Amino acid sequence: MIKKILSLFLCAALCVSLTAGCSGGPAASSGSVSSSPAGTAASSESIPDTAPVLEEDDGPDPFLNPQEDLTVRASVLKGPTAIGMVKLMSDAEAGTAPLAMEFTMSGSADEIVPAIVKGDIDIAAVPANLASVLYNRTGGGVEILAINNLGVLYIVESGEEINSVEDLRGKTLYSTGKGTTPEYALNYVLTQNGLTPGTDVTVEYKSEASEVAALLAEDGAAVAMLPQPFVTSAQMNNDKLRVALDLTKEWDAIQAAQGGTSALVTGVVIARREFIQEHPEEITAFLDAYRESAGFVETNLSDCAALVEKYGIVAKAAVAEKAIPGCNITFLEGAEMKEKVSGYLNVLFEQNPESVGGALPNDDFYFSR
């Protein structure tokens, strides 16, 4: 049964990951990275199936007292969805986090999916629509804990022609993400502004963001849609390149005009339902620590960029420092999280039901404490 579920996931993962598509090129080509409370790095193969038994201390932890012999296993993807976690990763490695955690770093969603299905990891940062796919394929076996970042897509050009979505009429737009969330997000913004993709705007999809960046460098009149951190990387190689449109802001403008509450959501943090039910104290401790970690990004940008380089999320801290503000790192939970994610998933579902796993999740998909 597990083999059948995994085969379904591996197929689905090919078309659901915005984050994986956003984390190629500029990201370092390091393998899995684990952070342990003892401060020693370990490969993903060394993550234990059972947590080590620690010696009992003299009394309960006055802060929270999560289960002392439990190590929470978490996994993140290289890319924007991992950035808000880096302070917590660093604290866990130094042994100063409020709970024991081990982290693994994955290059693509299809590395995380089998581990979630088999119960080898407890918490993961994944693309929002992959969370929905997991929910549907596991019979409700995962829940969303929080949104960790909003949109990372931008329309860029070297000129000054594009200042509104309407200005894309008659243009050719280069992009990646055919048949995945970037295409669905772009189609939504175009159609809600009265433009028909393929008729009013020609969209040429490339397999890699690096191909799109190369086209921008070769053709000064080219217009493209790129995710961060590729936007920053391209700008550092082409000082004429500018951000013409922010798809997150365009999405928000549509929602404001229609009285909607959804958002362009790139990534979320999920946990296995069984783990949530068995370890509520650890979930509370994790969410509190993760909120602080996400806040660290905004207040300590330079230090955060250094950690992003350290953990191989982006190859150079200089690129990370310029790109991070455009990654919309956030921490949203509860009712606000549910409003934004459910509306976003509905937009995807209307274009391609399989992009969210064939059905919209029920209310129990959205964790609330």
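Guide: The model is a predicted one. Its open sheet is built from 6 strands with mixed pairing, arranged in the order 4-3-5-12-6-13. Because strand 4 (101-106) and strand 13 (329-332) stand at the edges with a single partner strand each, one side of each has no neighbour in the sheet. From one strand to the next, the twist averages 25 degrees.

Within this order, strand 3 (residues 72-77) pairs with strand 5 (residues 123-127) in the parallel sense, over 2 bridges. Ser-75 is placed opposite Ala-124 of strand 5.

Helix 4 (residues 86-94) lies across strand 3 and strand 4, and runs at about 130 degrees to strand 4. Helix 15 (residues 334-351) lies across strand 6 (142-150), strand 12 (265-272) and strand 13, at about 85 degrees to strand 6.

The nonpolar residues complete the picture. The largest nonpolar core has 57 residues, of which Ile-144, Leu-168, Val-265, Val-268, Ile-270 and Val-341 touch the most other members. Leaving aside residues up to four places away in sequence, Ile-144 touches several residues, including Val-268, Ile-270, Met-337, Val-341 and Phe-365. In soluble globular proteins, nonpolar side chains tend to be buried together.

Terms used:
Residues are numbered from 1 along each chain as its sequence is written. This is a predicted model: local features need pLDDT of at least 70, side-chain atom pairs count only at pLDDT 80 or more; totals for chains, interfaces and linings use all residues. Side-chain values use heavy atoms; hydrogens and water are left out. Two strands pair if DSSP finds at least two bridges between them. Helices (H or I, at least four residues) and strands (E, at least two) are DSSP runs, numbered from the N terminus. Axes are lines fitted to C-alpha atoms, for helices over the stretch in contact, and angles run from 0 to 180 degrees between N-to-C directions. Contact means heavy atoms within 4.5 Å. A nonpolar core is a set of buried Ala, Val, Leu, Ile, Met, Phe, Trp, Tyr and Cys residues joined through side-chain atoms within 4.5 Å. Buried means under 20% relative accessible area, exposed over 50%, partly exposed in between (1.4 Å probe, protein chains only).
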